[in-house]
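I open this notebook to record what I looked up in one model. The entries cover helix packing, the surface and charged pairs.

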Amino acid sequence: MRIGYGYDVHQFKDGGPLIMGGVEIPFGKSLSGHSDADVLLHAITDALLGACALGDLGKHFPDTSEDYEDIDSRVLLREALVLVEEKGFSVGNIDATVVAEKPRLASYIDEMRQVIAKDLKVGIDQISVKATTSEGLGFEGSGKGISARAVVLLMGSE
């Protein structure tokens, strides 16, 4: 059994699609990043890698590489799962939280859970995604960006 923790943050930019948990959310702004900047999937991917002591997202998918420019973060999540499986582990459950003042995410959470569960080859009941605000405080509260945190429990033997 292993536990991993992931954290990610991206700032807003004008235009483009906002992708969160593999789901496109109508908003008028997107997140800035080398990939599609899916802050939720990045936090989950980091948690998966961290649970197996494999480093982080930047080590495996560097933002200096053209191979990962504008890449769908679901691809990175699935590649991280392969690394986890090679170590003899599978996902027990994930608990993730997105912090954003806007947009409101509640109506998209079930779809995010379905996407994440499919990519990680687990049941939707093993994936928890929550959204909260920062009550107007910090960079999230001032509308400058979004952050996400994730904890993963991996099952298996070493």
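Entry 1, helix packing. I looked up the hand of the crossing between α1 and α4 in this predicted model and found that α1 passes α4 in a right-handed sense. I then noted the geometry: the axes of α1 (residues 39–51) and α4 (residues 109–120) come within 12 Å and cross at roughly 35 degrees. From α1, I listed Leu 40, Leu 41, Ile 44 and Leu 48 as the contributors to the contact; from α4, I listed Met 112, Ile 116 and Leu 120.

Which residues form a nonpolar patch on the surface? I recorded Ile 3, Tyr 5, Tyr 7, Val 9, Phe 139 and Val 151, with about 550 Å² of accessible area together. I placed Ile 3 in strand β1.

I looked up how many salt bridges the structure holds, and the total is five. I examined one of them, in which Glu 85 pairs with Lys 121 and the closest N and O atoms are 3.1 Å apart. I located both partners: Glu 85 lies in helix α3 (residues 73–86), and Lys 121 lies in the loop between α4 and β6 (127–132). I noted that this pair links distant parts of the chain, its members being 36 residues apart.

Definitions and conventions: Residues numbered from 1 in each chain as written. Predicted model: local features only at pLDDT ≥ 70, side-chain atom pairs only at ≥ 80, totals over all residues. Heavy atoms only, no water. Axes fitted to C-alpha atoms, helices over the stretch in contact; angles between N-to-C directions. Helix = DSSP H or I, 4+ residues; strand = E, 2+ residues; numbered from the N terminus. Left-handed = near helix turned anticlockwise from the far one by under 90°. Contact = heavy atoms within 4.5 Å. Patch = residues over 30% accessible without salt bridge, like charges linked within 9 Å, V, L, I, M, F, W, Y side chains within 5 Å. Areas by Shrake-Rupley, 256 points an atom, 1.4 Å probe, with all protein chains shown as cover. Salt bridge = Lys/Arg side-chain N within 4 Å of Asp/Glu carboxyl O.
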